[in-house]
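Please consult the sequence and the model alongside the numbered points.

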Amino acid sequence: MTGEMNLQTLLASLHPVVRQGEYVYVLWPHGRPLAAGIEAAVREAEGLTVVLPREEADRLGLAYDFVAAWITLEVHSELEAVGLTAAVGKALTEARISCNVLAGFHHDHLLVPVADAARALEVVAELSAESRHQPRPELVLRNETEADRAAILALTAEAFAVSPATGLPAEGEPVEVELLRQLFKCEEYLPEFSIVGVLDGEVVGHVISTRGWVAGHELLGLGPIGVTPRLQRHGIGSALMNETIARANAAGESGIALLGSTEYYPRFGFVPAASLGVLPPEEAWADNFQLLPLAVWPGGVHGTFRYAAPFDRM
């Protein structure tokens with residue numbers, strides 16, 4: 001099950017629920033078998049910290065200081081979601097309520113002083129209500145202009161700081177940045193297929209498709225596509241892809257080729273290009289080289305795909 005990533009949606013959907021009982025942090029005795037009542041645990045160099053019901057700690061004779069109420073934020077947040085606990089923590093800090101946060105697979109959990117539990121619920125509820133009444137900024141998709149290029153190159157450097165091919169940090173400037181510089185100047189550049197996503201006046205995503213060929217038949221070669229890292233997995237990449245496909249169909253293009261994830265791009269209709277008779281420029285690309293046949297795909301197109309000239313120089 002995929003969790004929510006959008007911060008405003010997360011905050012607007014918050015439903016805080018208090019668990020029954022009181023909870024404490026204790027340092028678990030070294031070598032002692034773990035008890036059944038433990039609710040959470042963190043292993044550190046100094047020892048094992050556990051959270052368990054206060055009555056269980058009393059029964060086991062374990063010392064503690066902090067006695068907490070346990071509040072669960074009942075919204076399914078993705079573990080990679082950015083800003084949820086920071087926003088909640090800030091609101092509680094402004095209300096002068098201390099808070100310890102535990103992140104579970106499905107929910108985030110707050111442990112606040114027992115005496116502050118009711119007020120903490122009010123603070124979280126107020127934060128959620130405020131978020132529901134805030135207008136969401138609208139993503140604007142438009143043609144890239146020369147004035148956008150510095151921002152495009154900067155976000156591309158951020159987006160490809162970790163290589164999608166190797167999973168390792170790029171050494172120096174990612175190659176995609178120089179590729180874009182050259183694509184903007186090459187003969188195969190198609191201005192209507194260089195699209196930016198703009199949010200609150202900021203360029204937060206970009207996709208480019210340039211002219212490509214198979215045995216003299218014109219296709220589009222898509223890439224690079226990049227989204228500023230803090231907003232990845234918020235639907236911006238999907239919006240750029242859908243806009244590209246819509247424009248390509250409207251322009252009478254017959255197909256779009258790309259090199260990319262076999263988990264992500266098939267959702268837009270991409271299939272292994274070889275299954276349609278189109279071979280990748282590099283044999284090692286295998287099924288990662290994909291093709292989307294568009295409305296006027298003629299069939300019977302066979303051969304090796306050729307990207308715009310700057311790709312050959314990379």
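Which residue's side chain meets that of Glu202 in a salt bridge? The points below begin with the answer.

1. The partner is Arg230: its side chain and that of Glu202 meet in a salt bridge at 2.7 Å, N to O. A salt bridge is here a side-chain nitrogen of Lys or Arg within 4 Å of a carboxyl oxygen of Asp or Glu. Glu202 lies in strand β10 (residues 202-214) and Arg230 in the loop between β11 (217-227) and α7 (236-250), so the pair ties together parts that are 28 residues apart in sequence. Helices (H or I, at least four residues) and strands (E, at least two) are DSSP runs, numbered from the N terminus. Glu202 is partly exposed, with a relative accessible area of 33%, and Arg230 is also partly exposed, at 46%. The classes are buried (under 20% relative accessible area), exposed (over 50%) and partly exposed in between, with a 1.4 Å probe and protein chains only.

2. On provenance, this is a predicted model, in which local features need pLDDT of at least 70 and side-chain atom pairs count only at pLDDT 80 or more, while totals for chains, interfaces and linings use all residues. Residues are numbered from 1 along each chain as its sequence is written, and side-chain values use heavy atoms, with hydrogens and water left out.

3. The structure holds 14 salt bridges. Arg181 takes part in a salt bridge with Glu173 (2.9 Å, N to O) and in one with Glu178 (2.9 Å, N to O). Glu178 and Arg181 are three residues apart in helix α6 (residues 175-185), and are therefore separated by about one helical turn. Arg181 is partly exposed at 30% relative accessibility, as are Glu178 at 31% and Glu173 at 44%.

4. What describes the packing of two helices? Two packed helices are described by the angle between their axes and the distance between the axes. For helix α3 (residues 84-94) and helix α4 (residues 117-132), the axes come within 10 Å and cross at roughly 125°. That angle makes α3 oblique to α4. Axes are lines fitted to C-alpha atoms, for helices over the stretch in contact, and angles run from 0 to 180 degrees between N-to-C directions. Angles under 35 degrees count as roughly parallel, over 145 as roughly antiparallel, 65 to 115 as roughly perpendicular and the rest as oblique.

5. At this helix pair, Ala87, Val88, Ala91 and Leu92 of α3 meet Ala120, Val123, Val124 and Leu127 of α4, where contact means heavy atoms within 4.5 Å. The residues of the contact of α3 with α4 comprise eight nonpolar, no polar and no charged. In this scheme Ala, Val, Leu, Ile, Met, Phe, Trp, Tyr, Cys and Pro count as nonpolar, Asp, Glu, Lys and Arg as charged, and the others, Gly among them, as polar.

6. Gly223 and Pro224 are joined by a cis peptide bond, with omega about 0°, and Pro224 is found in strand β11. Asp200 has a positive phi of about 50° although it is not a glycine. Asp200 is located in the loop between β9 (194-199) and β10 and counts as exposed at 69% relative accessibility. Ala286, likewise not a glycine, has a positive phi of about 50°. Ala286 lies in the loop between β14 (278-279) and β15 (289-293), and counts as partly exposed at 47% relative accessibility.
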